[in-house]
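Hi,

Here is the structure I promised to pass on.

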Amino acid sequence: MARPDLAAGLVVTGLAAVGGLWFVPANTNPVATAGNDIAPAFMPLLCVGIIAVLGLALLARSVLGRVADPATGDDEAVGDMATTSRQVAGDLAVWALSTVLVLLLLPRVGFVISAGLLLAAWLAYARVRSWLAAAAVVAVVPALLDWLCWTALKVQLP
Amino acid sequence: MIVEQLLQGFALAMHPTNLVFMTIGVTLGIVVGIMPGLGSVTALSILIPVTFYMSPMVAIAFLVGVTKGGTSGGAVPAILLNAPGTPEAAATALDGYQLTRQGKPFKAMKSALYASVCGDTFSDIVLILVAAPFAAFALQFGPAEFTAIMIFSFTLIAGLSGRSLIRGIVAAVLGVFLSTVGLDPVDSTQRMTFGIVELYDGISLNALAIGVLALSSVIHQIFDLRRSPGQGGGAVIAHADPALNRLGAGEFWGHWRTLLRSALIGSGIGMLPGLGVSLAAFLGYGSAKRASRNPDRFGRGTIEGVMASEAANSAVCGANLVPTIALGVPGNIAAALLIGAFMIHGVVPGPFMMEMHGDLIYAIFASMLMCNAIHLVVGRLGIQVWGYVTYVPKPVILPIVIVLCIVGVYIPSNSLFDVGMMLVFAGLGYLMRRTGFSLVCLVIGFLLGPLFETSLRQSLLMYKGDMTILVTSPIALFFVVLTCYSLWHFGRRSGARSTGQD
């Protein structure tokens, strides 16, 4: 039961270490330029430091063998440990592919065709039963949104 | 004084454009709330960019309408399908669905609507009465006090809204970290911008909020649908007997104690950051059951149970704007998004808001009260229609929401970079959902990050790096003590649970 904490602790601590030792110092001015003010890097480094300490706390808790706390509030973002890490990685790969395709297609073929293809792909992925409904959605929704944005807001979608 | 300002607010809010957009907002909120898995947060996230083209008052009134409609809309699928459209409607399903099985779906929906409007109105009155004195008191706060309040808010929200205190704080601090991307607020040097011009103003709030809250929720549901298809389907409401579905005024107002109790509970919870609408609904339901002479009827189909839950969850809507308006600290995620909307329209929430934008605030208060009346009319007129919205299957709706999110981010900025950021944040949000890191904490950390950084830097400058000001100022000390108590309380509770489960 301590494995989720262990994995999360390792990832969080690792990312915080990379952030604190390289990412923030390399991309932020470490010295204040105005009088006695605080350096611009102060706040990002403070955040990274706190995250590193909390990551270590997660690691310590996993080593001590404590389970992660159960849900205590109404946050809908409660972790779903029933889904395996392999499934989550697969889901993220699908999402990354979708993201890349959208970003490649939008500037090249425009919103209506990109959104149509995106809708078709996700409707098929979500296993829509009625192909007639799916075809109607693919044909109507992108064109309708494009028309609405231009007519009502004078925004030209890509 | 308050009455006079409120009357002036009504004069401003009575504008036909305002009325039209409030009606549209309430209707959209109800429709989105009805669709399981979407809810008012998704609706707010997508619709905030649309408000760029509205005046601040119309925009906020429209979004308030969406929130109110979305909160009560979740009750419809809870009652008809036993599938709450929003988490806060889960308690409504306990008795609401039983009423549907008894052939009284319309009676249940009517009692939910009326109770929701009553709770909401009560909560708005509390907001109107409390916000101004609270903000006046908050004017005494300096940077040290604000720093202490921010730290306390992060702790409280992290402790209450996530599965783990540590993970909640990590998410909040990550939000603060993301808020530091862009130009430094004091000397304007670049921070983690990689020379990308679009990042000079920081990460777009729309991209982050829509990606993390709305889009990640949608892809989460699509992936779940893929693994377990067959969800969705409509309710059977066509043949409900009108005689069974009549709800008389006497029958409804006979439960006025339940309404008042739930409204008080909801308002109290709404004023405390992080406690959440679902908690209010279940506490309202539980207290009504405990106070009832016939507690056995609860869970078997009593309108009192539906009313208790709906009055409590709707009473959170207005009250959670008390800390938002007085301190700039959001009471929940909907209030956090409203803070974003305020800021987009040039209104910075916090104690100076009442002084600098008093007319606007009272016009918004008036709009909130008018929204309740509109909610009552729209909800009542549409009660025959809402049930049919539940027929739309989730696999059709969810991909459409993906496209709506893309449009929602593109509209205000005309930037494909922001669309890309949103898609990346959706992936991050999905990963955080799966691993139990609170998205609420991330977004609130991101929203409060600039205020936190400013107040912390001002404190360090004013007191030459001496942070003992946090324990020498009485107000700051009060919040430091509360923070320590929260840490101890949440740590002890999770420790006790861990031991119990071991």
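Below is what I found, chain by chain, with one residue picked out at the end.

A word on conventions: this is a predicted model, so local features need pLDDT of at least 70 and side-chain atom pairs count only at pLDDT 80 or more, while totals for chains, interfaces and linings use all residues. Residues are numbered from 1 along each chain as its sequence is written, chains are lettered from A and ligands numbered from 1 in the order in which they are written, and side-chain values use heavy atoms, with hydrogens and water left out.

Let's begin with chain A. Its pLDDT (the predictor's confidence in each residue, from 0 to 100) averages 84, and 84% of the residues score at least 70. Please treat residues 68-79 of chain A with care: pLDDT stays under 50 there. The model still gives that stretch 48 contacts beyond four places in sequence, a contact being heavy atoms within 4.5 Å.

Chain A has five helices and zero strands; helices are DSSP runs of H or I with at least four residues, strands are runs of E with at least two, and both are numbered from the N terminus. Among contacts in chain A between residues at least 6 apart in sequence, 53% join residues at least 24 apart.

Now chain B. It contains 24 helices and two strands, and 64% of its 502 residues count as buried. For contacts in chain B with a separation of 6 or more, 79% come from residues 24 or more positions apart. Its C-alpha atoms fill a box of roughly 75 × 60 × 50 Å along the principal axes.

How does the radius of gyration of chain B fit a compact globule? A globule of 502 residues would have one near 23 Å, and chain B has 22 Å, so the two agree. That radius is taken over C-alpha atoms, and the globule rule is 2.2 Å times the number of residues to the power 0.38.

Finally, zoom in on B:Ala366, which sits in helix α18 (residues 358-381) of chain B. Is B:Ala366 buried or exposed? B:Ala366 is buried, with a relative accessible area of 0%. Beyond its neighbours within four places in sequence, B:Ala366 touches B:Leu6, B:Gly9, B:Phe10 and B:Ala13. B:Ile128 is 238 residues from B:Ala366 in sequence, yet their C-alpha atoms are 9.2 Å apart.

Cheers

Definitions and conventions
Buried < 20%, exposed > 50% of the residue type's maximum accessible area, 1.4 Å probe, protein only.
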